[in-house]
Structures are given as structure tokens and as C-alpha cells.
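The report below describes a single chain, moving from its secondary structure to its side-chain contacts. Please read it alongside the sequence and the coordinates.

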Amino acid sequence: VEAAVAVPNVDKVERAVTPPVLDNDPVKKGYLKTFLEKDGKILRFSCYWDTRDKPHGDLQMFDLIYFLVDHTAEVREILKPNSGRHNFGGFLKRQKMPKNGSN
């Protein structure tokens with residue numbers, strides 16, 4: 001016969017309860033509405049970087065993609081077939097862009 005194990009009374013156990021944080025940020029309040037309206041919508045710009053005036057310079061083509069849903073941007077390099085360049089995934093990963101140069 002096994003010995004009975006005493007189980008603490010659940011009603012008497014005190015738990016630390018943290019009150020919910022009320023977020024009054026107007027930017028975050030409208031995020032769900034913005035997400036539902038703008039999900040999947042992007043702005044795509046064709047760009048180039050011309051360094052042909054330098055030794056071993058080249059004309060490189062890029063796509064700048066701006067995501068409307070969260071105001072992030074990404075830069076992808078467009079490679080020509082047999083260009084000798086390695087496709088490393090992206091020139092600039094998707095991230096928030098600073099509003100000015102000091103950020």
C-alpha cells in the first residue's frame with residue numbers, strides 16, 4: 001500500500017497577478033486595421049548603382065521594396081545570368097528605415 005501524498009489546497013495558494021497593461025499608443029491601436037487593409041501590398045522601385053567610372057566598376061541593378069503594412073524596406077540585387085556574382089540572398093534585409101541620418 002502506497003502512502004497518501006498531501007495535496008495543497010488550490011484555493012489557498014496565492015498567485016502573483018499582474019494587471020494587464022493598457023496600451024494607449026495611437027500607433028499600435030490602429031495596427032490591426034492597417035494590417036488588414038495593407039497586408040501584402042508593397043511599393044517596388046527599380047534602382048541602379050553605377051560605379052563604372054572606378055576601376056573594375058560595374059552597373060548593378062536593384063529592387064527596392066517598401067512594405068506598406070509595417071513601413072519596412074528591403075533591397076534586393078538583380079543578377080544577370082553568368083555575371084560572375086554570387087547571389088547571397090539580399091543587399092539589405094527587411095528592416096525599418098531611419099527617418100533621418102542620425103538614427
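Helices (H or I, at least four residues) and strands (E, at least two) are taken here as DSSP runs, numbered from the N terminus. On that basis Thr72 has its place in strand 3, which spans residues 72-78. The model is a predicted one, in which local features need pLDDT of at least 70 and side-chain atom pairs count only at pLDDT 80 or more, whereas totals for chains, interfaces and linings use all residues. Residues are numbered from 1 along each chain as its sequence is written, and side-chain values use heavy atoms, with hydrogens and water left out.

## Overall layout

The chain contains two helices and four strands, and along the sequence these elements follow the pattern α-α-β-β-β-β. Of the 103 residues in the chain, 11% are buried, where buried means under 20% relative accessible area, exposed over 50%, and partly exposed in between (1.4 Å probe, protein chains only).

## The sheet

Two strands are said to pair if DSSP finds at least two bridges between them. The four strands form an open sheet in the order 1-2-3-4, with antiparallel pairing. Strand 1 (42-50) and strand 4 (92-96) stand at the edges with a single partner strand each, so one side of each is left without a neighbour in the sheet. From one strand to the next the twist averages 20°; for such angles, axes are lines fitted to C-alpha atoms, for helices over the stretch in contact, and the angles run from 0 to 180 degrees between N-to-C directions.

Nine bridges connect strand 1 with strand 2 (residues 59-67) in the antiparallel sense, and Leu43 has Tyr66 in strand 2 as its bridge partner. Strand 2 is in turn joined to strand 3 by seven bridges, again with the two strands running antiparallel; here Asp63 has Arg76 in strand 3 as its bridge partner. The hairpin of strand 2 and strand 3 has four residues between the strands, and within this hairpin His71 takes a positive phi near 55°. Strand 3 and strand 4 pair antiparallel over three bridges, with Gln95 in strand 4 as the bridge partner of Ala73.

Strand 3 is mostly covered, since five of its seven residues are buried. Thr72 itself counts as buried, because its relative accessibility is 6%. A polar contact is a pair of N or O atoms within 3.5 Å; within protein, one must be able to donate a hydrogen and the other to accept it, and residues adjacent in sequence count only if both atoms are side-chain atoms. The side chain of Thr72 makes such a contact with the side chain of Asp70 at 2.8 Å, and it makes another with the side chain of Arg94 at 2.9 Å.

## Salt bridges

Side chains of opposite charge can pair when their charged atoms come close. With a salt bridge defined as a side-chain nitrogen of Lys or Arg within 4 Å of a carboxyl oxygen of Asp or Glu, the count comes to five. Among them are the pairs in this table.

| Pair | N to O distance |
|---|---|
| Arg44 and Asp63 | 3.4 Å |
| Arg52 and Asp50 | 2.8 Å |
| Arg85 and Asp58 | 3.1 Å |

The pair of Arg44 and Asp63 is a salt bridge that links distant parts of the chain, with Arg44 in strand 1 and Asp63 in strand 2, 19 residues apart. Arg44 is partly exposed at a relative accessible area of 48%, whereas Asp63 is buried at 14%.

Arg52 counts as exposed at 53% relative accessibility, while Asp50 is partly exposed at 33%.

The side chains of Arg85 and Asp58 also meet in a salt bridge. Arg85 lies in the loop between strand 3 and strand 4 and Asp58 in the loop between strand 1 and strand 2, so the pair ties together parts that are 27 residues apart in sequence. Arg85 is partly exposed at 40% relative accessibility, and Asp58 is partly exposed at 32%.
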